[in-house]
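Here are a few notes to read alongside the structure. Keep the 3D view open and find each residue as you go.

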Amino acid sequence: MSETIEEKCIAKGVKLTDQRKVIAKVMAESKETYGKSDHPDVDELYNRVIKIDPKISIATVYRTVKLF
């Protein structure tokens with residue numbers, strides 16, 4: 001079984017803020033929700049993330065994707 005994004009972050013010592021958890025959740029669930037061929041760019045990921053937490057900025061999404 002493959003590790004989740006959160007498990008990988010914990011193993012590497014990356015702090016998981018609430019915002020990072022939301023972004024990781026959206027990324028992890030994208031293939032289940034949108035199909036196996038789903039590969040959202042950062043703008044699309046941002047559009048999905050703000051539906052859960054509208055306080056997350058696009059800059060936060062960019063930084064988090066780069067970190068992950």
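1. Which residues does V22 touch, not counting residues up to four places away in sequence? Keep in mind that this is a predicted model. The answer is V49, I52 and I56.

2. Two of those names come back when you look at the largest nonpolar core. This core has eight residues in all: V22, I23, V26, V42, L45, V49, I56 and V61. Helix α2 (18–34) and helix α3 each supply at least two residues of this core.

3. Now for how two of the helices pack. Helix α3 covers residues 42–49 and helix α4 covers residues 58–67; their axes come within 10 Å and cross at roughly 120°. As for its hand, the crossing of α3 and α4 is right-handed.

4. Zoom in on the place where these two helices meet. From α3 you'll find V42, D43, L45 and Y46, and they meet I58, V61, Y62 and V65 from α4. Sorted by class, this contact has seven nonpolar residues, one charged residue and no polar ones.

5. Have a look at R48 too, which lies in helix α3. Is R48 buried or exposed? Its relative accessible area is 8%, and buried means under 20%, so R48 counts as buried. Setting aside neighbours within four places in sequence, R48 is in contact with V26, S30, Y34, D38 and P40. One of these, V26, is also part of the largest nonpolar core.

Definitions and conventions: Residues numbered from 1 in each chain as written. Predicted model: local features only at pLDDT ≥ 70, side-chain atom pairs only at ≥ 80, totals over all residues. Heavy atoms only, no water. Axes fitted to C-alpha atoms, helices over the stretch in contact; angles between N-to-C directions. Helix = DSSP H or I, 4+ residues; strand = E, 2+ residues; numbered from the N terminus. Left-handed = near helix turned anticlockwise from the far one by under 90°. Contact = heavy atoms within 4.5 Å. Nonpolar A, V, L, I, M, F, W, Y, C, P; charged D, E, K, R; others polar. Core = buried A, V, L, I, M, F, W, Y, C linked by side-chain atoms within 4.5 Å. Buried < 20%, exposed > 50% of the residue type's maximum accessible area, 1.4 Å probe, protein only.
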